[in-house]
Amino acid sequence: MGLKDMDLAGLSTARACYRLALMLTVLTVLFLVLAIGAVGLIGAGGEADRPYLAVLAVGVVGAVLSRLRAPGMALTLAAMALVQVGVPVVAFLLGDTDGLSRGQLLDVVALTAMYVVLFGAAAWLFRRAAELA
């Protein structure tokens, strides 16, 4: 019995999957904006966190280009997860993380992983919605 054959907590309709994916996406984006603005993901906020706006830009452009259709949104959320991974890597390569302690670097890695999982889950839900439609 594969994952496709299972009824995952009521996610057997395209509409339910799409709604959950959209809700997860909006909440994750809001959480990202709050984290960037309030506490900062890399350091105490400021310039090092500005590249995270690229994640939001990818989301907006992808949503417009896909017209919020499930297959395109699945690709958009996957791209957002990739950009989310790229931001701290670029910050590290540019030296924006030089003033951070080892614990703070681990926080950046953990937060990045959390956002990647959330964006990835939303991408999976959009893909499931597309398959069920």
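The model is predicted: local features need pLDDT of at least 70, side-chain atom pairs count only at pLDDT 80 or more, and totals for chains, interfaces and linings use all residues. Residues are numbered from 1 along each chain as its sequence is written, and side-chain values use heavy atoms, without hydrogens or water.

**Select H1, residues 14-39**. Helices here are DSSP runs (H or I, at least four residues), numbered from the N terminus. H1 has 26 residues and reaches 37 Å from its first C-alpha to its last. That is close to the 38 Å expected at 1.5 Å a residue, the expected span being 1.5 Å times one less than the number of residues.

Now colour its buried residues (under 20% relative accessible area, 1.4 Å probe, protein chains only; exposed is over 50%, partly exposed in between). Among them are Cys17, Thr25, Leu32 and Ile36. Their cover includes H2 (53-66), H3 (70-94) and H4. Just after H1, stop at Gly40, with a positive phi of about 80 degrees.

**Select the aromatic pairs.** Rings of Phe, Tyr and Trp (its six-membered ring) pair if their centres lie within 6.5 Å; planes under 30 degrees apart are stacked, over 60 edge-to-face, the rest tilted. The count is two.

Go to Tyr18 and Phe126. Their centres are 5.2 Å apart and their planes at 75 degrees, so the pair is edge-to-face. Tyr18 lies in H1 and Phe126 in H4 (residues 102-132), 108 residues apart. Phe126 is buried, at 0%.

Next, Phe31 and Tyr115. Centres 5.7 Å apart and planes at 40 degrees make this pair tilted. Phe31 in H1 and Tyr115 in H4 are 84 residues apart. Phe31 is partly exposed at 41%; Tyr115 is buried at 0%.

Conventions
Helices (H or I, at least four residues) and strands (E, at least two) are DSSP runs, numbered from the N terminus. Contact means heavy atoms within 4.5 Å.
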